[in-house]
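Please read it alongside the sequence and coordinates.

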Amino acid sequence: MIAFEIPFHEMDFTYARSRGPGGQNVNKTNSAAILRWNLFSSHVFNEETKAKLANKLQSQLTVDGDLLVRSEVHRDQDQNRSECIRKLHEILRKALFVPRKRIATKPTRSSQRKRVESKVRRSEVKQGRQKIKL
C-alpha cells in the first residue's frame, strides 16, 4: 500500500447547483462540488504508478486524464468539497490495492472424513425413500 497525500493546488474545484437536499435553497445556491484532478500532471506518483492507475481507472478518466468526482450530499459547499477529496482518496486507494496471493492448502484428514460421513448419511436417507423392490 502506497501512502500518498495529494496537494490542494493539484485539485481544481467547480461548483454547481445541487440535486440533493435543501428545499428551495437548492435552486439558488451552488452547493454541489465537482473536483477535477489530472493524473498525468500530478507530481504525487511516479510514472510506473501513474501507468497502473491509468489502467485501473481508464473508464473513469476523461480523454485528458482528468478524474472527476462530484459530491452533493451536504447542503454546505465546504462539506461537499471535503467529501470530494475523501472520495478521490478512496478511489485512488482502491485502485492501488494489491490483494495478497492465496496459498493453496489441502483439506485436513478430519474434514475429509466428515465430508464422506455426511455423504454416507445422505445416501442412507435417500435409500430409505425408495420403494421396496420385490
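Two strands are taken to pair if DSSP finds at least two bridges between them. The model is predicted, and within it an open sheet of three strands has the order E1-E2-E3, with antiparallel pairing. The edge strands of this sheet are E1 (11-16) and E3 (66-71), each of which pairs on one side only, and neighbouring strands are turned by 20° against each other on average, direction ignored.

**Strand pairing**
- Strand E1 is joined by six bridges to strand E2 (residues 32-38), and the two run antiparallel.
- Along this pairing, the bridge partner of Met11 is Trp37 in E2, while Phe13 stands opposite Leu35, which also belongs to E2.
- E2 and E3 likewise pair in the antiparallel sense, over six bridges, and here Ala33 stands opposite Ser71 in E3.

**Burial of strand E2**
- Six of the seven residues of E2 are buried, so this strand is largely enclosed by the rest of the structure.

**The helix across the sheet**
- Helix H2 (residues 77-96) lies across E1, E2 and E3, and runs at about 135° to E3.

**The loop between E3 and H2**
- Glu72 lies in the loop that runs between E3 and H2.
- Because its relative accessible area is 15%, which is under the 20% cut-off, Glu72 counts as buried.
- The side chain of Glu72 is joined to that of Arg70 by a polar contact of 2.7 Å.

How values were computed
Residues are numbered from 1 along each chain as its sequence is written. This is a predicted model: local features need pLDDT of at least 70, side-chain atom pairs count only at pLDDT 80 or more; totals for chains, interfaces and linings use all residues. Side-chain values use heavy atoms; hydrogens and water are left out. Helices (H or I, at least four residues) and strands (E, at least two) are DSSP runs, numbered from the N terminus. Axes are lines fitted to C-alpha atoms, for helices over the stretch in contact, and angles run from 0 to 180 degrees between N-to-C directions. Contact means heavy atoms within 4.5 Å. Buried means under 20% relative accessible area, exposed over 50%, partly exposed in between (1.4 Å probe, protein chains only). A polar contact is a pair of N or O atoms within 3.5 Å; within protein, one must be able to donate a hydrogen and the other to accept it, and residues adjacent in sequence count only if both atoms are side-chain atoms.
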